[in-house]
Amino acid sequence: MNINRLPRGCTNVGGPLAASMDKCRTNFMELFSSFGYRPFWPSALQLLESAWPHLPEGYRQRLIALTTPYGEPSCLRADITLAAVAFLASHYAPEQQPLRLCYADRIFKRAEKHENRIENFQIGAELLGWEGEGADIEILWLLLRWLDEIGLDKSILVIGDVTFLNYALAHVGTAIAERLSRSLLEGNLSEYRNVLSTSDIPEYSRNILEHLPDLKGTKNVLEQASALLGSSQYLMPLRNIVKALSDLGYEKRIFVDLSLARELSYYSGPVFRIYASGTSGQEIGGGGRYDGLLNSYGLDGQAIGFAIDLEEAATLALPPSGSHRVMMWCSTLPPEQALKRAGTILSIGLNGEMSWNKNRNQSYESASSRNCEWWIDLGRETVTQIECGKVMPLSQWMREEYTC
Amino acid sequence: MLTLALPTGRVMKEAIDLFENIGLPTKELRNAGRKLVVQENNYRYILAKPSDVPLYVSHGVADLALIGSDVLQESAIDLVELADTGRGKCRIVVAGPERMVPAFAGHPSELMWTKVATKYPRIADDHFSSLGVQVEIIHLHGSIELAPALGMADCILDIVQTGNTLQANKLVILQEVRDVSLRLVASKQSASLKWPQIAALLKKIENLKGVVGNAN
């Protein structure tokens, strides 16, 4: 058998997973579009000279560089946020802010050492250039709503704030601060404790840093953290987010983790990860505030965004295969007449497919083998429930089974 | 319920001893026989090949694991390293026949394109890259010490505990690479969402290290 091999690290997605990805993507784009997020389709290529200065080190190391046929040093798009911010800077006047963008597209990164994927399907949203309150809460609320809608209603939002860590490190020597933040970023708590125990750190900062790994749990953690700081000022944005999302009904889905570290040079406030409960130990996505990136393009205001691994989310949200699927046998009808009747039937919100087989039994067998729930004879206008063989008139079936 | 993965082989006994010392139930675990999953009270243990242990954690099958730092670094899987237990100690070294000593004592350029047999290709690459040396890495899965004697490699990069195996194969230590010990790791998800349970175990391990440290 000939296999159409793909380059290492690439993938074709088909079957139920592709259907689920499409459903999740459509749902996402519709939800965010309805709240004013404009669909955004960035170029797959970015100029290296444009991308490089704005990306944190961790991203730079994973860029896939190439030269375009025009001879320009470029890279495959490793991150859509950068393209979104550049788009805002070059296409919108300040008075047109804030700008809301949502996207669903591939990103490309050099494979991590332990995996071999170089392309991933990502969906995300960005809210750029708003000065006041509300942006963080809006985008997180929409994210949680979308997770509910695709069936991931037990997913957990783990949220922290890099401001807290930055404050704790403010009075620590640069080299020690770098080692501490690096160990948190790499998830190396034994190294973190080792640096703490062997370094000269002011007592006030040490007290906060020693407690940092334990500042995880419900919103009460914020009280503990404020007590350590002697002020609630630095955690006010996070406190507001947690309170608002709790009031919106998501209290049990929010988990505060003040040791959550993302690229400190990139993120500038609340940061978060999404875990789909009871499944993989890795997050399905995350994001945060990145005002600094906006400022690097000469723009003022806040910027917040997130990205979700669409394939991962769709795998977890995968619906049972074959649900409500209908096969419509054209019988002896001419195609145009069969399609007209099929269109009427599917307009009630069903998924179905045509069967052009001339043999009635073969068409029925095909429906059964494809896990269809119903088989419709368009000529006789009858419906057969495949599981039990019960037959009824089409009009009765549409009235009884699919009344809206 | 916490699920813990632990490696079969060299460090399994030390891992079980550690669990027992911090108060985890280990009676069934000690008598696991051919069982690969053992459940005792509120703990489930998964017994896995060392190189597979990080994967069990990263895929969320296990919340926690004990694993040698050599395997952890070689896997390069994104996990949270919670503690160095100080157990299962050994070293990763470069070793070779006596004739290689001058090359390793001289300028690093003398090591260019040296053939290095190892079951740790990633660690070997990191090590020699950090010296600014490009070597030829031969990835073997066992009996690494044979490679220089058979002319397949100039030297090896491997773990050493007592040094007896090296001696038996007429190899000497040429370079120390890094210390190895048993580490407690967790997935990022568990390190956040199951922190209260994990923190309790972590505290016991830290206390235990203190006791062992003071005794020494």
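1. Domain bounds here come from an automatic or database domain assignment. Chain A is split into domain 1 (1–150 + 290–319), domain 2 (156–275) and domain 3 (325–401). The C-alpha centres of domain 1 and domain 3 of chain A are 40 Å apart.

2. This is a predicted model, in which local features need pLDDT of at least 70 and side-chain atom pairs count only at pLDDT 80 or more, while totals for chains, interfaces and linings use all residues. Residues are numbered from 1 along each chain as its sequence is written, and chains are lettered from A and ligands numbered from 1 in the order in which they are written.

3. Chain A has 16 helices and 17 strands; these are DSSP runs numbered from the N terminus, helices (H or I) of at least four residues and strands (E) of at least two.

4. Of the 404 residues in chain A, 39% are buried. A residue is buried if 20 or more other C-beta atoms, placed from the backbone, lie within 10 Å of its own, exposed if 12 or fewer, and partly exposed in between.

5. A:Ser331 is not a glycine, yet has a positive phi of about 55°. A:Ser331 sits in the loop between strand E13 (325–329) and helix H14 (335–346) of chain A. A:Ser331 counts as partly exposed because 18 other C-beta atoms lie within 10 Å.

6. In chain B, B:Asn41 has a positive phi near 50°, and belongs to the loop between strand E2 (37–40) and strand E3 (43–48). With 9 other C-beta atoms within 10 Å, B:Asn41 is exposed.
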